[in-house]
Amino acid sequence: MEINKEELLKSISYNMKMLFRKDVEEATNQQIYQALSYSLKDYIVDSWMDFHKKCEEQDAKTVYYLSMEFLMGRALGNNIINLKAMPVVKEALDELGFSLENIEEEEPDPALGNGGLGRLASCFLDSLATLGYPAYGCGIRYKYGMFKQVIENGFQVEKPDNWLKDGYPFETKNSKYAIRVKFGGYVRMVQREDGREHFTQEDALSVVAVPYDLPIVGYDNGVVNTLRIWDAEAVNDFNLDSFDKGDYQRAVEQENMARTITEVLYPNDNHYAGKELRLKQQYFFVSASVQSAVSKYMETHDDVRKLYEKVCFQLNDTHPTVTVPELMRVLLDDYDLSWTEAWEVVQKCCAYTNHTIMSEALEKWPIDLFSRLLPRIYQIVDEINRRFVVMINEKYNNDPAKVESMAILYNGQVRMANLAIVAGYSVNGVARLHTEILKNEQLKDFYQLWPEKFNNKTNGITQRRFLLHGNPLLAEWCTSKVGEGWITDLTKLSGLMKYADNDDELITLADIKHSNKLRLAKYIKDHNGVDVDPDSIFDVQVKRLHEYKRQLLNILHIMYLYNELKNNPYMDIVPRTFIFGAKASAGYRRAKAIIKLITSVGDVINNDPTINGKIKVVFIENYRVSNAEMIFAAADVSEQISTASKEASGTGNMKFMLNGAVTLGTMDGANVEIVEEVGQENAVIFGLSAEEVINFEHNHEYDPKSIYENDARIKRVVDQLVDGTYTNEDPGLFRELYDSLVNEDQYFILKDFAAYAEAQKRIDEKYRDQHAWVKSALINIAKSGKFSSDRTIQEYVDELWHLDKVDMKK
């Protein structure tokens, strides 16, 4: 798609007048952002329409990627890159007196996701479009996202993330495709003349799911897929009949429900009302998406029993698992299929991606809540479970242990992972180690029953956002060495290996990293008020805050290092800047205490002149995609220190690798495969293995108190949590963290502490040899080809989805 500069300038000027009644000369940066975005959207919409027409003509099979979150990042820069319009847009803005960098800063990050789950989904959409495969991402149009994180007095404070306050120019409301979704009420059964039973849901509260579509632009190929996010509206804005009868609560009930369903991502579920809202959200977007997909298929086909030939649903973790009974409901109640016919369709349409081995993250719903809120869906789940339990009892001679492990309904709960496995034709893990743990530990019984369902799809990232857009200096250098092919085939970066011993190129690569560190140092100064040394090691851990990710291990080591410096201010270490970024779930008390600990330690260290700035600690507020791009580009060390066996894959590790950071980590998740690619000498690995962790958990032999009592370094650091060193105002502030380490240490922090401290010394030693360090950075970049989401998606297509490629250039 060719974008002409003069036409673009005219379009921007026109949009300024139509949107703001202003000339360009009077425009603010925000107004130019809006006008430019609408101008680019005009170009995109033409391709969007053409692609969907081509898909219909070709009758192409489509994947519906169902996910509670899509952490998209800003769209403007990504769209400009994928349209190959960067030079013309920059030139046009220059003529108008604006810089693209400043205009991009006007766009809020769409608050549609939080962590790796949502970012992976977004990378997958980018790759599907770039590879030319038809796809819909399906999710929720959250009005305020999870939250905007603000750090006040060192504590995380959650504020509404009002990303829609100025409107969002890239979205398109499609009320024509609105869908009714029902909650509550009761199920009425009617015996028909042919003897079959027909079920309807009566006296239900309904909301209208209204789709907002966002274009997903493929790289330079004319393909535009769709991210469809559903908003909720009341069926009737106001029920006058109910109001006249004095039933005010009933009159506004539907309106209130519609408003709350799409307000926030992951509402606090520490109480019953929060659990109910989460289940409502899941069914809301799943029901709308399934109904829409089946309806779209039936527009051009006449036999719903062949739906699987043209439609597949990929369940991104357990959140969308109600897809299974909802598709059954649609086929049974709306299209009059028999149970056997409907079940065959479901089993050929649904596939499940597992993102965790942690049992508490495998969703379970109280049966009383599930059956009250979704009565017809519960009936269907109950029947699926009844038939499945009959089958396993027959196969395993009524072994109660098998029923306890595998049943969908058990002990008053609906177990969603079990439902997804029973119904799906595929169950995949997201890194080789993770998949093996699923097969041999958490899902062992299911694997023994259906080994053919299980497969691995190691996660990946899109190089177009995290290198081409996020690190333009490095991207330009890569292109100058190996050509542009890496943009759509990341394995071509392997051509950089021939420069691994080229001193001039290594110096250039070091200069690029330094420039990126200067950029991040300015961001930190502007946002944190802390001066950091760009010549120091930028040691970075940015990811969702969870205990298994072990930010606590990182900050305890920093406390230990500070103690060492206080004992010996002249200790010879390479200056180090420790950078954190993370959100903790609003109801996750211990995780929020870890954030407070990090900021408290930073306050003490950053203001202690006696250590001569040898270490600094920075917590970057409101970690998100837009500042992540800057952080990855500047990092020297990638902290991937989760307890072995707990991290399914990780994708931050891949983003750091792509940008030339050296992994400091455990052999967990995709770290294992990263080390295989780069070699042990180009990473720093420490700690317990996954097998050792699992053995400790099985044998219950680990005693953290003995480590605490017998290692003076560890005892001093742990005692500092409660002796007022970092909490003069409240010595009990970190008592829970202290107790969790000494009495429990579920994630083996004390067990791995000595090995981690030794690994940090190895980082210091390796960094002193700058030639060897930069060579390792180059090797990490060159060996990152495996970790493109393009490779992951092609594996899904070839092995699971069997989609039809649509070539817009023919």
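Reader: Why are helix 10 and helix 13 called roughly perpendicular to each other?

Author: In this predicted model, helix 10 (residues 323-334) and helix 13 (residues 375-395) pack at an angle of about 100°, with axes 9 Å apart. Angles of 65 to 115 degrees count as roughly perpendicular, and therefore that is the term for helix 10 and helix 13.

Reader: What makes the contact between helix 10 and helix 13?

Author: Helix 10 brings V324, P325, E326, M328, R329, L332 and D333, and helix 13 brings R376, I377, I380, V381 and I384. Contact here means heavy atoms within 4.5 Å. Sorted by class, the contact of helix 10 with helix 13 has eight nonpolar, no polar and four charged residues.

Reader: Where is Y396 placed, and which residues does Y396 touch?

Author: Y396 sits in the loop between helix 13 and helix 14 (400-406). Leaving out residues up to four places away in sequence, Y396 touches K402, D445 and L449. Between Y396 and S494 there are 98 residues in sequence and 51 Å in space, C-alpha to C-alpha.

Reader: Why is helix 20 called oblique to helix 23?

Author: The axes of helix 20 (residues 503-528) and helix 23 (residues 625-634) come within 8 Å and cross at roughly 135°. Roughly perpendicular ends at 115 degrees and roughly antiparallel needs an angle over 145, so an angle between those two limits is oblique. That makes helix 20 oblique to helix 23. The crossing of helix 20 past helix 23 is left-handed.

Reader: Which residues of helix 20 and helix 23 meet?

Author: On the helix 20 side they are K513, N516, K517, R519, L520 and Y523; on the helix 23 side they are N627, E629, M630, I631, F632, A633 and A634. The residues of this contact of helix 20 with helix 23 divide into seven nonpolar, two polar and four charged.

Reader: How do you know that helix 16 and helix 26 are roughly parallel?

Author: Helix 16 (residues 432-442) and helix 26 (residues 690-699) pack at about 30°, and their axes are 12 Å apart. Angles under 35 degrees count as roughly parallel, and helix 16 and helix 26 are therefore given that name. Helix 16 passes helix 26 in a right-handed crossing. L433, I437 and E441 of helix 16 make the contact with A690, I694 and H698 of helix 26. By class, the contact of helix 16 with helix 26 has four nonpolar, one polar and one charged residues.

Reader: What is in the lining of the largest cavity?

Author: The lining of the largest cavity has nine nonpolar, five polar and four charged residues. The space in the largest cavity is about 200 Å³. Of its 18 lining residues, M72, N78, P215, I216 and R465 are the closest to the centre. Helix 3 (76-82), helix 6 (116-131) and strand 9 (205-217) are the elements that give two or more residues to this lining.

Reader: Which residues line the second largest cavity?

Author: The second largest cavity, with a volume of about 100 Å³, is lined by E547, L552, R590, I594, L737, S740, L741, E744, D745, Q746, Y747 and I749. Helix 22 (589-606) and helix 29 (735-743) are the elements that give two or more residues to this lining. The largest share, three residues, comes from helix 29. By class, the lining of the second largest cavity has six nonpolar, two polar and four charged residues.

Reader: Which element gives the most to the lining of the second largest pocket?

Author: Helix 2 does, with six residues. At least two residues each come from helix 2 (29-58), strand 10 (224-234) and helix 9 (272-300). The second largest pocket holds about 540 Å³ of space. Its lining has 18 residues, and Y136, N174, Y177, D213 and R228 lie nearest its centre. By class, the lining of the second largest pocket has six nonpolar, six polar and six charged residues.

Notes
Residues are numbered from 1 along each chain as its sequence is written. This is a predicted model: local features need pLDDT of at least 70, side-chain atom pairs count only at pLDDT 80 or more; totals for chains, interfaces and linings use all residues. Side-chain values use heavy atoms; hydrogens and water are left out. Axes are lines fitted to C-alpha atoms, for helices over the stretch in contact, and angles run from 0 to 180 degrees between N-to-C directions. Helices (H or I, at least four residues) and strands (E, at least two) are DSSP runs, numbered from the N terminus. A crossing is left-handed if the near helix is turned anticlockwise from the far one by less than a right angle, and right-handed if clockwise. Ala, Val, Leu, Ile, Met, Phe, Trp, Tyr, Cys and Pro count as nonpolar, Asp, Glu, Lys and Arg as charged, and the others, Gly among them, as polar. On a 1 Å grid over the protein atoms alone, a cavity is a set of points where a 1.4 Å probe fits but cannot get out, and a pocket is an open set with protein on both sides within 12 Å along at least five of seven lines; lining residues have an atom within 4 Å of a point. Grid points are joined across faces, edges and corners, and a volume is the space filled by probe spheres set on the points.
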